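I opened my notebook for a first walk through this protein. Come along and check each entry with me.

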Amino acid sequence: MILLFAFLLPSRAADISSQAGTKTGTFLKFEPGGRQSAMGGTYAAYGSDVFALWGQPAALGSAPRAWQVGFQHAELFQGVTQEYLGIAGGFGDRSRVGLVVNTVGIDDLLRTTENAGGQLTGTGGTFGARDLAVALNYGIQMSEYITLGAAAKYVGSEIDDVRASGFAADFGVQMRLRNIEDLTIGASVTNVGTGLKFIRTRDDFPTTFRLGAAYRIRSMKLLLAADAVKSLDRDFDGGVGAEWRPVEILKLRVGYRTQGDDVGEGLTAGLGVNLAGLEIDYAYVPYGVLGDAHRVSAAYLFGGGRENIEPAGSAAPETPEPVRASRVRVLKRP
């Protein structure tokens with residue numbers, strides 16, 4: 001994981017990426033969930049909640065069979081907010097399904113007018129902008145070591161009274177190595193689709209490739225993770241993160257992410273509290289000159305389930321062989 005992250009450092013550019021601003025639907029790259037955000041934006045190789053499946057649909061394959069519902073509210077930066085709602089659960093012996101709704105928006109943008117010479121001459125009230133994505137996810141545990149997942153998305157965008165819509169797909173895989181029991185690797189490609197067309201011009205979605213690894217040190221109750229990310233509208237990015245569970249109900253998290261000099265890089269941090277199946281997570285994420293983001297998410301397992309704290313793809317603990325009762329015949333002497 002250290003080598004993976006070291007590979008990313010030389011890729012940082014002194015200037016904004018030459019592809020910046022060439023794609024549409026950039027909100028699709030905002031990871032939801034306090035856990036993933038606090039751990040440097042990593043999630044390719046661990047996690048099994050409704051937030052992890054947004055950018056890694058294979059995480060759904062190792063989710064608990066019980067149903068889970070999750071919600072997030074995030075104050076991102078410059079008045080931009082994000083809401084996320086997801087529900088997922090078992091479908092057959094090895095399959096899981098999930099439905100998520102992700103929306104990002106901003107209100108009270110100043111409307112400017114333009115004269116015949118192309119110069120801005122004043123303002124004419126305010127307007128808003130909002131993006132929406134609805135995704136149907138499917139994950140399956142192919143074996144003790146491999147899970148696969150896919151998602152189909154409807155994407156809509158609205159700027160004032162102008163609207164556009166399109167469709168996209170995600171694909172992912174997670175694999176636990178046979179010889180290293182606590183090491184999991186994951187890969188995904190997301191936002192492959194039609195793009196959006198506003199009035200006359202169509203722009204592509206920010207297709208993103210992600211590769212990551214996660215390693216659990218059970219004796220220390222510690223989870224380590226690292227992701228390398230390449231979006232078609234950015235140079236290479238990445239992050240590393242750690243999660244420590246000092247007591248059963250508390251998780252402490254820290255991470256570091258590179259986001260390019262156009263946004264800034266820095267430390268992320270957060271914590272999680274689990275109370276009888278209700279997981280509440282908080283994350284702090286810096287965005288350079290844009291400001292700081294604060295994410296609060298909550299997820300609840302119902303229907304007899306419990307939180308899955310193992311890396312995706314981990315084998316279930318062995319069940320002891322039940323003790324068989326012996327039948328004793330008592331013979332009476334005549």
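In which strand is N191 found? I looked it up and found N191 in strand β7, which spans residues 183–193. Strands here are DSSP runs of E with at least two residues, helices are runs of H or I with at least four, and both are numbered from the N terminus.

A note to myself on the ground rules. This is a predicted model, where local features need pLDDT of at least 70, side-chain atom pairs count only at pLDDT 80 or more, and totals for chains, interfaces and linings use all residues. Residues are numbered from 1 along each chain as its sequence is written, and side-chain values use heavy atoms, leaving out hydrogens and water.

Next I checked the backbone of N191: its phi is positive, about 65°, although N191 is not a glycine. Is N191 buried or exposed? N191 counts as buried because its relative accessibility is 1% (buried is under 20% relative accessible area, exposed over 50%, partly exposed in between, with a 1.4 Å probe and protein chains only).

Then I turned to A276, another non-glycine with a positive phi, here about 50°. I found A276 in the loop between β14 (266–275) and β15 (278–286). A276 is exposed, since its relative accessible area is 74%.

Last, I stepped back to the whole protein. I noted two helices and 16 strands. Of the 334 residues, 46% are buried. Among contacts (heavy atoms within 4.5 Å) with a separation of 6 or more, 55% join residues 24 or more positions apart.
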